[in-house]
Amino acid sequence: MSFMGRWSEERVISAAPDAPSLAAARKLARSGPWSDTGSNDVLVWGKCQGSGKTPYQVSVDIAAPAYRCSCPSRKFPCKHALALLLLWARGEMADGGAETADFAEEWAAQRADRAAARERRQSEQQTDPAAQAKRLADRLTLMDAGIADFARWLTDLVRTGLASARNQPYSWWDGVAGRLVDAQLPGLAEQVRAMGSDVHARADWADHLLLRTGRWWAMTKAWTKRDELTATEFADLRVAVGWAMASAEVQAAESLPGPWLVLGAHRSDDGRLQQQRTWLRGPDETVVVVLDFAAQGEALATPQLAGALLDVTLARYPGSAPQRAMFTSPVAPRGLADGLGGGCSIAQALEMESAAVALSPWRERHPVLFAGVRVCPGEPGWLLDGSGDALRLVDAPVDSLLALTGSHPIQLFGELEEGRVRPLAVVVDGTVLTP
Amino acid sequence: MTWLADLRSSALVGTGRHAVPAPAAELEFRPPDGLSREELLLDQAALADVVTRAARRPSMVDTAKLPDAAPPEDARPASADAVRLLDLLLNQPPVGPELRTQLVTDWLQFAAASGRRVPHRLIPGVLALAEAKPAVAEHVDPAIGTRGRWLQGLRQKGSGPKGPAPKGSGPHPATTIDWAELRTADATAELERLRHIDPAAARDRVHSHWDTLSARERAAHLAAFAINLELADEGLLEKALDDKAISVRDVAADLLDRLPGSARGNRMAARLKPLLRVKGLLRKQFEIDLPPDPDPAALRDGIAAAPRTGEPDRLGRLDTIIRGAPLGEWTTVADRSTAATLAMLDGEPRVIDTIIATAALRADAEWVRALLDIRTDAGLLGCLPAAEREQALLRHIRSGTAQPMALVPLLRDLPRPWGPPLANAVLELLTAKNGGQLATMLSGFLPMALPPDTADQCRRLLQRSDDDGPRRRVFRDVVQYQSFRQSLTEAFQ
């Protein structure tokens, strides 16, 4: 397991849940309060003297990563775990030898037990085909009923008019979403909830609601005809309604070797869920996106730096390109690329989007690598190419982009979404930068 | 109306009350028969969704209105170490807000001195800090580099991200407008500006408009003469002593107090002289009489008339005379040096106070120095050149009579860093038994004021066991600041 190696300080910093935790950890990251510290290939452990009599027992599984501390903090990882990792990363930690501390050993054993039990449960489920088939049939019945209910709701919606829907309280939308969740259609539920706030937040709410209603309607139609869909088309629909694939199934399917180039990454936080999207391109030009999720207060997976080359194997989820993927081996950075490759113009990007919509009408976001585009100031900012075409920027740190590019033509990687570009990386003078 | 607009109105009102349009002919889409109105609308909405997304067109912007790309840089970026330190200060400051502001300012100054610049990616962070902290804004240029100035230019034009305009771009006083037409406050502001660059022109302007000004305007405009006051102003000030309004006369008298060589100064000297007598054989002392009731000329010079009821304030009249007369009058009567003359006023604290105020007002160096030997006063210290001021304050602290709290403003105004003797004297005060409170009050500027050679001493003080938490924090700040500054020095070598 020694491929993990020692973390860099940046890696530790990125694991911090918030700035105050990190600041507190920095103060603790000195040898003073620590005792019984040590590390092996998988674990780092130590005891930290806090204000109480008994020192806190801190253990970190650096491979997972997972954190455990006997302190009452609800931050995750807590300042003690971060401080310990900082010490370890800096090589300033006194290493107590090969003997793993009891508390760390015990925790690792518990984790291993739990993991084994989970695996056992899963394999038991898989080994009983009859029960499995029954579960699937039950689920489909539930989903069919939910889709039929949703279709009726859409019919009612257009009969009474979108204007009157806008006068409904949020609880009305939330109620519809709740029924969809009960019917195991959480992806649809999420879209309906978002609409509950979008009808008030967006100036173009009428068009947005009309087109989205159309898309929902098309989804109900597609669902009822799912037997006629290709495997790829059905997989896209599954994602749209929120029927997750078991990751074990995906992992077993394939193992695509690297190196994978990180094109860009985006983190978002809607107050309940944190999400991280990492766009990658493989040696054969395959573009995939790795999604990570974490609940509030939990640590998201370590973000990857745009322009980094990763030695890692990937498995793709079923669906149309660019597919979702998952890492199937530990991520080992292998260095930085001096560019992202060739890009396209704005008109070409929109043509690509058009083709992608024809292929998979549920997809809302398309990765694009632009070449020779200028970032121009405005509200909020524009992307402009040599032929005078422009696209609006969204979620863009325009100040930062202008500072990095000086409004000179550059390469830019971003996500095309509703006709706007979310910039995730720029290439300036042979360096890939994250704005 | 287009198909999409038709579809939108139908959907907004609802198919219950509005007909559903037929699909646009050019889409070549024919709905199947037997659909309900709702299904017909929903089918077309689905179609509209796909068509809209598959048929997006680029926007067009007026390129003529867009700013030019940034010109090339002429300075090299700072070293990797220096950049790392700036990044740390901006994004994960290891020190408190005041120290951070100071250290960023230091960074910018180091960069400017070594001809280096802020790397592009950190420019927005520096500009954002400069917007909140004027001290940073002052040193942003030239360290921000060509790219930074270009970005600032975009912000100013308002075509870029919103931000307040940089310093010095406030509305310029409208010199083209007739000065007499300005409102009083604006006219005074304009006059103050003029006094700074051309006192005579300001004087002429007030002089030529004097008779048309209201009493309030005369008083406000005359007060502006405090800037660059010169003996040539005397004529107008004498005229103002005859003014109808007491507010104008008071301003004139106060200003003439600062001109001991004026005719009023001589008149005051003539009033002071008969009041002073030297007595004592071995130990000479001044005996000071109180002034008589003022004659019309004295009243004109600003000496208070007798009130309608009660006793006149004769001590107040004496103060007025002392403030108006040249200080040389005292040495003349005593026939001694300034210091010896002051020694003869030992029992007269009120007179000393007035002399101190007068010497400070006139920045009379000889008297200021002599007075500082017997008394420490912020006003007096402010009149001294920096090096001398520090010496005076050091002597004062060493005398042991200093009120610790009174030292705070005096220390704050000293140029930094302090010399080692003063630094040591202050550290002694802080580490004394009750020094904690003083330490807290000095915390805002102590780290920047102590010279680098005191770093080791502060580190020792920090390690010393001390129950006084706030005092420990102050020393910790000092140590942090100095070690960070040391890193900056090395990074810019």
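1. Chain A is assigned four stretches as domains: domain 1 (9–121), domain 2 (129–241), domain 3 (254–336) and domain 4 (346–433). The model is a predicted one. Between the centres of domain 1 of chain A and domain 2 of chain A, taken over C-alpha atoms, there are 43 Å.

2. For chain B the assignment lists domain 1 (3–54), domain 2 (77–157), domain 3 (179–259), domain 4 (261–303 + 312–384) and domain 5 (404–493). Domain 4 of chain B is given in two segments, 261–303 and 312–384. The C-alpha centres of domain 1 of chain B and domain 2 of chain B are 57 Å apart.

3. Chain A has an open, mixed sheet of seven strands, ordered 9-10-7-6-5-8-11. Its edges are strand 9 (314–316) and strand 11 (332–336) of chain A; each has a single partner strand, so one side of each has no neighbour in the sheet. From one strand to the next, the twist averages 40 degrees.

4. Within chain A, strand 5 (residues 260–269) and strand 6 (residues 273–281) run antiparallel and are joined by eight bridges. Opposite Ser268(A) stands Gln275(A), in strand 6 of chain A.

5. Over all chains, the structure holds 15 aromatic pairs. One of them joins Trp153(A) and Trp173(A): the ring centres are 6.1 Å apart and the planes lie at 75 degrees, so the pair is edge-to-face. Trp153(A) belongs to helix 5 (residues 129–160) of chain A and Trp173(A) to helix 7 (residues 170–182) of chain A, so the contact ties together parts 20 residues apart in sequence. Trp153(A) counts as buried at 9% relative accessibility, and Trp173(A) counts as buried at 0%.

6. Trp223(A) and Phe234(A) make a tilted aromatic pair, with 6.1 Å from centre to centre and 35 degrees between the planes. Trp223(A) comes from helix 9 (residues 205–224) of chain A and Phe234(A) from helix 10 (residues 231–241) of chain A, so this pair ties together parts that are 11 residues apart in sequence. Trp223(A) has 0% relative accessibility and counts as buried.

7. In chain A, the charged end of Arg238(A) sits over the ring of Trp243(A), at 4.0 Å from the ring centre. In chain B, Arg218(B) lies over the face of Trp210(B), and the distance to the ring centre is 6.0 Å.

Note on methods:
Residues numbered from 1 in each chain as written. Chains lettered and ligands numbered in written order. Predicted model: local features only at pLDDT ≥ 70, side-chain atom pairs only at ≥ 80, totals over all residues. Heavy atoms only, no water. Domains from an automatic or database assignment. Pairing = 2+ DSSP bridges. Helix = DSSP H or I, 4+ residues; strand = E, 2+ residues; numbered from the N terminus. Axes fitted to C-alpha atoms, helices over the stretch in contact; angles between N-to-C directions. Phe/Tyr/Trp six-rings, centres within 6.5 Å; stacked < 30°, edge-to-face > 60°. Buried < 20%, exposed > 50% of the residue type's maximum accessible area, 1.4 Å probe, protein only. Lys NZ or Arg CZ within 6 Å of the ring centre and 35° of its normal.
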